[in-house]
Amino acid sequence: YRLLKRSPWTSLWPQVFSPDMLFINNPILHRMVEATPKFLLETGTMLLRHKFYDAAEKHLSLYAQSAGADVALLLKLGLCAQQQGKYSTAIRHYQQAGLLDPNNTNVTYRLQYCYAQTGRYQEQLDCLLSLEKATPDDARVLMETGLCCIQLKKWEEAERHFYKLEFKGKHVIPSVRSIAWCCLNRGDYEAAKKNYLRIFNEAPTEANWEDYLNMGHTTWLLGDTPAALAFYAEYAHRYLIAQPE
């Protein structure tokens, strides 16, 4: 191999070694390894662990054809598809896993993520509400539920989730930012102003250009044009720093 592939004389030799080193694609070996479920499962799991998602999916799919699929295998197949951006395929695997184990929160969380990536926000919300019922104190689930409600323009429901996060002391500034955005969109400009000011006063280092842009909108809608101009100027300055191109 060193002579044929790595030496200075590589160009003098024919291409003996295939770039495809998977045994399942080898014309001589594939029948034997495809008939060996243990090899398929162990190799697929190893490839998944090292993030070779396409090759892992091929091995695990062949294993499922010969030995059947349980929840653990369907989760692995779903993750392989998910990491390759094949969200519809991932959803199908996770749905099958959910049928086998309806109370598996890991399955439900992955399923909601794939729904979000495909714009199926109502189905995502159904999953998140199920997760919230099973794990009411999970800050991650509360945050995702609030963000999903924003996508569905359910402003008041989103606010409730972010207020709950703030009360628990979890993700406080992102929660205040989201509350302000919900207030702005449902027309409560005074409440939006109050929450944006909280960000500027309590955590000025965490304020971003979007906060100043939205505060500009808020003060303009309240009829305070000079204040709006000041916030828009600050937004422009911060935006140019964050996005110099």
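**A conversation about helices, core and salt bridges**

Guide: H93 is found in helix α6; helices are DSSP runs of H or I with at least four residues, numbered from the N terminus. This is a predicted model, in which local features need pLDDT of at least 70 and side-chain atom pairs count only at pLDDT 80 or more, while totals for chains, interfaces and linings use all residues. Residues are numbered from 1 along each chain as its sequence is written, and side-chain values use heavy atoms, with hydrogens and water left out.

Visitor: Is H93 buried or exposed?
Guide: H93 counts as buried because its relative accessibility is 11%. Buried means under 20% relative accessible area, exposed means over 50%, and partly exposed lies in between (1.4 Å probe, protein chains only).

Visitor: What is H93 in contact with?
Guide: Apart from neighbours within four places in sequence, H93 is in contact with L74, L77 and G78. Contact means heavy atoms within 4.5 Å.

Visitor: Which other residues of α6 are buried?
Guide: The buried residues of α6 include Y87, T89, A90, I91, Y94 and A97. The buried residues of this helix pack against α4 (53–67), α5 (71–83) and α7 (105–117).

Visitor: And how far apart are the ends of α6?
Guide: The end C-alpha atoms of α6 (residues 87–100) are 20 Å apart, which agrees with the 20 Å that its 14 residues should span at 1.5 Å a residue. The expected span is 1.5 Å times one less than the number of residues.

Visitor: Changing topic, which residues touch the most other members of the largest nonpolar core?
Guide: They are I150, A158, F162 and L165, in a core of 21 residues. A nonpolar core is a set of buried Ala, Val, Leu, Ile, Met, Phe, Trp, Tyr and Cys residues joined through side-chain atoms within 4.5 Å.

Visitor: Which helices supply that core?
Guide: At least two residues of this core come from each of α8 (121–134), α9 (139–151), α10 (155–168), α11 (172–185) and α12 (189–202). The largest share, seven residues, is supplied by α9.

Visitor: What does A158 contact?
Guide: Leaving aside neighbours within four places in sequence, A158 is in contact with G146, C149, I150 and C182.

Visitor: How many salt bridges are there?
Guide: A search of the whole structure finds 10 salt bridges. A salt bridge is a side-chain nitrogen of Lys or Arg within 4 Å of a carboxyl oxygen of Asp or Glu.

Visitor: Where do E159 and R186 lie?
Guide: The side chains of E159 and R186 meet in a salt bridge, at 2.4 Å from N to O. E159 lies in helix α10 and R186 in the loop between α11 and α12, so the pair ties together parts that are 27 residues apart in sequence. E159 counts as buried at 5% relative accessibility, whereas R186 is partly exposed at 36%. E159, R186 and D188 are linked in a network of salt bridges.

Visitor: How are E202 and R198 separated in α12?
Guide: They are four residues apart in helix α12, which means about one helical turn lies between them. E202 counts as exposed at 51% relative accessibility, while R198 is partly exposed at 22%.

Visitor: Which helices do the buried residues of α12 pack against?
Guide: They pack against α11, α13 and α14 (225–242). Among the buried residues of α12 are N195, Y196 and F200.
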